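Work through the following exercises with the sequence and the three-dimensional view side by side.

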Amino acid sequence: MRDVLDFVAEVPLVDHHCHGVVTGAVDREGFEGMLTEADGVSPWGTSLFESLVGLAVRERCAPVLDLPKHAPADEYLARRAELGAEEVNRRFLRATGTTDFLLDGGFQPGALTGTAEFADLAGARAHDVVRLEQVAEDVVRAGTTASRFAADFQAELQKRTEHAVGVKSIAAYRVGLELDGERPDAVEVTDAVGRWLSRVSAGLPLRLRDEVLHRHLIWAGIDLGLPVQFHVGYGDSDVDLHRCDPLLLTAFLRATRGSGVPILLLHNYPFHRNAAYLAQVFEHVFVDTGLITHNAGLRAPAILAETLELVPFGKLLFSTDAFGLAELYHLGTSLFRQGLSDFLEAALAADALSEVDAQRLVRLAAHQNANRIYRLEPR
Amino acid sequence: MRDVLDFVAEVPLVDHHCHGVVTGAVDREGFEGMLTEADGVSPWGTSLFESLVGLAVRERCAPVLDLPKHAPADEYLARRAELGAEEVNRRFLRATGTTDFLLDGGFQPGALTGTAEFADLAGARAHDVVRLEQVAEDVVRAGTTASRFAADFQAELQKRTEHAVGVKSIAAYRVGLELDGERPDAVEVTDAVGRWLSRVSAGLPLRLRDEVLHRHLIWAGIDLGLPVQFHVGYGDSDVDLHRCDPLLLTAFLRATRGSGVPILLLHNYPFHRNAAYLAQVFEHVFVDTGLITHNAGLRAPAILAETLELVPFGKLLFSTDAFGLAELYHLGTSLFRQGLSDFLEAALAADALSEVDAQRLVRLAAHQNANRIYRLEPR
Amino acid sequence: MRDVLDFVAEVPLVDHHCHGVVTGAVDREGFEGMLTEADGVSPWGTSLFESLVGLAVRERCAPVLDLPKHAPADEYLARRAELGAEEVNRRFLRATGTTDFLLDGGFQPGALTGTAEFADLAGARAHDVVRLEQVAEDVVRAGTTASRFAADFQAELQKRTEHAVGVKSIAAYRVGLELDGERPDAVEVTDAVGRWLSRVSAGLPLRLRDEVLHRHLIWAGIDLGLPVQFHVGYGDSDVDLHRCDPLLLTAFLRATRGSGVPILLLHNYPFHRNAAYLAQVFEHVFVDTGLITHNAGLRAPAILAETLELVPFGKLLFSTDAFGLAELYHLGTSLFRQGLSDFLEAALAADALSEVDAQRLVRLAAHQNANRIYRLEPR
């Protein structure tokens with residue numbers, strides 16, 4: 001690991017978007033399957049350890065498990081198994097220096113730790129972010145009608161967000177981000193639910209995929225006054241990435257300027273410059289570079305630098321978007337610190353800012369912006 | 001400021017696209033409102049001085065006002081007020097080393113210096129670039145009919161461009177850049193003007209927004225034989241940035257290859273690589289990296305380097321796109337010199353070109369290309 | 001030339017996509033016309049030697065012709081003429097360290113060397129890649145009917161690919177990459193051929209340009225079990241670059257996951273990060289950075305680094321996409337080595353990987369991946 005400026009290495013972090021961690025043993029196939037956004041190793045390719053994130057695991061994670069840097073993958077996984085999942089999870093989560101984790105529990109909830117268990121493992125605070133589409137699908141699963149859906153959803157959302165700090169939309173994964181600027185009216189919502197319920201009755205999958213309804217869910221979230229997170233950009237092969245450019249949200253962002261609710265654009269790569277532009281010109285928009293930070297390994301600092309071209313420091317947040325593997329929380333955190341440090345060290349060397357300024361900017365991105373937006377009690 | 005190669009620091013510049021400067025006092029709110037493309041400070045964010053352009057002001061502008069580098073924002077603004085707008089404007093404009101400014105006077109003309117006043121302040125030559133849409137709107141404002149518009153517009157444009165060196169289209173801001181390749185015929189124009197006038201009669205805003213008419217205006221500009229500038233890419237929240245990718249102009253560029261008129265793509269970020277591609281393959285296309293150069297502060301050299309991947313040096317121009325704040329002329333200029341210098345210094349260190357070559361390439365981008373395209377008398 | 005790590009300088013390369021070389025004399029106009037994707041020198045611009053690829057010729061090619069680095073363009077071309085085309089071609093092709101060239105002979109076949117002649121000049125193996133659209137156009141040229149076309153095409157393709165290692169689609173140049181996910185059925189194909197033949201009978205150009213038929217050709221290639229190459233991204237002014245983003249292939253890639261055939265995305269710039277994402281999440285997708293590598297000259301390493309953010313090393317191939325000028329094979333090769341070396345040298349300096357790892361990754365990208373995908377006999 002390259003040197004990191006002291007005040008960057010030590011600044012407490014708020015990880016404003018991540019998921020739970022797996023608690024059981026993980027074999028090589030399982031590990032590679034969670035390492036990147038690929039489902040697993042390609043029969044035409046080679047091991048996914050032969051990638052920047054794979055190299056980063058061997059560089060930055062091996063020492064946390066008492067191995068030398070660059071230990072071979074098999075040795076690494078053998079040591080991981082020897083220590084056991086709980087010890088591995090504890091070590092990596094506690095190595096992050098994160099005080100608060102905001103967990104989206106909506107993806108594969110059965111396979112991962114819940115919020116309380118996660119907080120225990122990490123020795124930190126953990127908060128819930130509620131995935132809007134999961135709530136809607138649960139409401140349909142529990143039984144509703146086209147005319148009752150809106151009220152049922154609102155009631156269920158209210159209940160589930162009682163202790164939550166935000167909501168999240170995965171419209172990007174289902175219909176893309178070209179959302180209409182207008183809030184859908186009651187008739188549009190009822191009609192769309194009617195079509196959805198008919199498809200479900202006909203035996204089609206329950207999975208929500210309807211631009212009107214994603215939009216309705218988001219506005220219902222806005223009504224609660226909670227910050228709204230959006231999946232943007234990079235994800236697995238289920239995403240149509242060209243429909244996930246955050247610029248497609250422009251009309252929606254114009255429509256929600258006056259709503260009093262912050263909009264958080266998650267991940268954003270390879271559209272991170274576009275997201276940074278939106279965060280500059282729309283007062284309620286904020287961005288991070290989660291997911292790509294650990295995936296890009298030693299290139300993560302370069303991507304953060306590109307993002308910083310336009311986003312004011314008051315609009316940049318930190319997240320890992322780590323999922324499943326405890327290594328990813330550590331990598332996301334370690335590489336974010338590396339990126340901030342590389343950027344500021346070069347700027348300080350060029351006398352482009354003062355050290356006092358550098359320290360203040362680090363605190364903003366590391367935790368102050370998140371504390372302010374999600375109204376967390378600072379620790 | 002990092003070191004800049006002597007021959008880059010001293011080369012005279014032609015700023016082929018900028019606006020006037022404000023002549024009155026500017027308070028902190030006003031300053032931050034003009035510093036970036038945001039309308040002002042977000043109630044959810046922090047000061048816009050906490051951004052790369054804000055840091056650049058404190059690094060590169062403070063010394064011009066006799067302050068130490070990195071002077072705090074409030075001290076900086078106090079000193080600015082103490083010196084007075086005229087002295088501040090004069091200092092920054094004269095620090096640029098610019099011999100010729102090409103001014104687009106079409107945006108908020110009442111609030112800014114006109115061309116002659118600007119030339120006086122800067123101690124340099126200033127030339128007019130005429131905004132096509134402003135002329136068309138003035139023609140409608142003055143009273144015309146659907147059938148008379150084309151002739152009225154042509155006459156007015158002829159009059160206003162008598163001493164102008166180019167025209168400019170802001171179609172990007174109104175309808176995006178996906179312009180049809182064909183020149184609209186007289187019937188199409190008359191019909192479109194008819195619809196426009198009806199909307200105005202019905203009390204709707206006079207603002208032009210019609211793909212046919214933007215296109216007509218541009219062809220009318222081409223008829224005059226003047227270089228045509230296009231706003232491309234980055235701008236304020238009024239722009240639909242995903243409709244401002246210069247690649248959307250491809251059909252239009254094919255249609256205008258034989259017109260004998262150069263097309264200038266302004267700003268371009270975050271699509272600067274796309275613009276550079278167009279400048280390589282279309283003989284009449286030229287690019288710059290205005291606006292982003294000051295906004296990206298210490299990252300400006302990285303963006304210039306990306307642009308240089310494909311654009312031949314004979315097709316690259318310099319502009320600041322500075323507007324209002326005198327600091328922005330200085331920053332755009334200073335950061336452009338920094339970027340050219342960083343690029344060439346690294347290339348010289350790698351022995352990837354000779355110093356004689358480096359000096360010739362700098363002169364092309366700094367002023368020779370602009371002098372040739374706009375037929376300016378070299379100074 | 002900057003230093004290159006020994007194991008990168010010496011690794012044998014498989015150039016999995018290039019074209020033939022011109023065998024006759026080339027004057028300055030001809031040279032500049034083949035140097036970039038521009039048709040030639042712009043009357044509004046300056047020499048195309050004043051570009052990064054032009055500088056790279058003078059830096060990296062002059063010494064191969066016994067000239068000092070940075071020799072002026074005219075001296076360079078005089079020396080080139082003095083040595084004669086055959087000697088020049090032999091020197092540059094043999095300087096590459098390439099063991100296998102995969103030649104797309106489908107563009108301007110009359111003007112360039114064929115495969116056997118190329119192999120002789122290069123002292124290496126050369127293999128054929130068959131351009132699907134050329135076969136289809138030849139079938140129409142030879143005479144077919146709407147109902148016979150599919151069988152005629154299949155028979156001709158089978159014949160021409162007998163000794164070929166892959167096929168290539170230039171759908172990007174004709175209809176863009178937004179191909180439907182479904183294989184067209186027999187009726188759709190017959191109808192589309194019928195429309196095509198009618199246009200040809202009416203005297204329109206024979207050039208294929210029909211989404212259904214490009215798609216049919218590609219599926220016919222898949223039926224042969226051969227790797228399918230796609231032109232993606234950057235090309236000459238004949239391309240609509242905004243229709244050549246590889247993300248537009250997403251539906252097609254989902255549809256071909258189970259086909260057992262690798263898909264090779266060529267060039268990709270400026271969408272190389274998008275292509276790298278596809279190579280990560282789709283098991284049958286592979287990428288390279290051909291064409292831009294020589295065009296971007298000293299910036300080629302930066303582009304390769306961006307590509308490496310997401311592509312696993314088992315999914316990255318090498319190509320030059322050199323065409324016509326022997327210099328381009330040498331530049332593409334030399335700059336690819338430079339890029340890999342710069343990337344790994346910085347990583348080694350940061351202790352982000354071990355030298356053993358670095359050497360293995362280089363072998364994958366340089367030749368092992370290509371040998372595996374195209375089933376070449378390793379040399």
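**Exercise 1.** Determine how many residue pairs are in polar contact between chain A and chain B, and which elements of chain A take part in that interface.

*Solution.* The model is a predicted one, and between chain A and chain B the count is 20 residue pairs in polar contact, both residues being at pLDDT 80 or more. Turning to the elements, the side of chain A that touches chain B receives two or more residues from each of α12 (250-255), α13 (272-281), α15 (300-307), α16 (326-349) and α17 (355-374) of chain A. The element that gives the most to this side is α17(A), with six residues. Sorted by class, the residues on the side of chain A that touches chain B comprise 21 nonpolar, seven polar and 12 charged ones.

The next step is to look at contacts and area, where 40 residues of chain A are found in contact with 41 residues of chain B. Between these two chains about 3,200 Å² is buried, and carbon and sulfur atoms give 58% of that area. Seven salt bridges are found across the interface of chain A and chain B, and a salt bridge also describes how the side chains of D39(B) and R257(A) meet, at 3.6 Å from N to O.

**Exercise 2.** Describe the interface of chain C and chain A, and find which three residues of chain C supply more of its buried area than any other three.

*Solution.* Begin with the contacts, which join 40 residues of chain C to 41 residues of chain A. The area buried between chain C and chain A is about 3,200 Å², with 58% coming from carbon and sulfur atoms. Of the area that chain C buries against chain A, R273(C), Y277(C) and E309(C) supply 18%, which is more than any other three residues.

Then turn to the charged pairs: the count of salt bridges between chain C and chain A is seven, and the side chains of R360(C) and E50(A) meet in a salt bridge at 2.5 Å, N to O. On the side of chain C that touches chain A, α17(C) gives the most, namely six residues.

**Exercise 3.** Decide whether strand β4 of chain A is mostly covered or mostly open, and work out which strands pair with it.

*Solution.* Strand β4(A) spans residues 164-169 and is mostly covered, since six of its six residues are buried. One pairing is with strand β3 (residues 125-131) of chain A, which runs parallel to β4(A) and is joined to it by four bridges; here D128(A) stands opposite A164(A) of β4(A). Another pairing is with strand β5 (residues 228-232) of chain A, again in the parallel sense, over three bridges, and in this case K168(A) stands opposite Q229(A) of β5(A).

**Exercise 4.** Find where V232(C) lies, decide whether it is buried or exposed, and list what it touches.

*Solution.* V232(C) has its place in strand β5 (residues 228-232) of chain C. Because its relative accessible area is 0%, and buried means under 20%, V232(C) is buried. When residues up to four places away in sequence are not counted, V232(C) touches L177(C), C244(C), P246(C), L265(C), L266(C), H267(C) and N268(C). As for G260(C), which is 28 residues from V232(C) in sequence, the two are 21 Å apart in space, C-alpha to C-alpha.

Notes
Residues are numbered from 1 along each chain as its sequence is written. Chains are lettered from A and ligands numbered from 1 in the order in which they are written. This is a predicted model: local features need pLDDT of at least 70, side-chain atom pairs count only at pLDDT 80 or more; totals for chains, interfaces and linings use all residues. Side-chain values use heavy atoms; hydrogens and water are left out. Contact means heavy atoms within 4.5 Å. Buried area is the accessible area (1.4 Å probe) that two parts lose on being put together, summed over both. A salt bridge is a side-chain nitrogen of Lys or Arg within 4 Å of a carboxyl oxygen of Asp or Glu. A polar contact is a pair of N or O atoms within 3.5 Å; within protein, one must be able to donate a hydrogen and the other to accept it, and residues adjacent in sequence count only if both atoms are side-chain atoms. Ala, Val, Leu, Ile, Met, Phe, Trp, Tyr, Cys and Pro count as nonpolar, Asp, Glu, Lys and Arg as charged, and the others, Gly among them, as polar. Buried means under 20% relative accessible area, exposed over 50%, partly exposed in between (1.4 Å probe, protein chains only). Two strands pair if DSSP finds at least two bridges between them.
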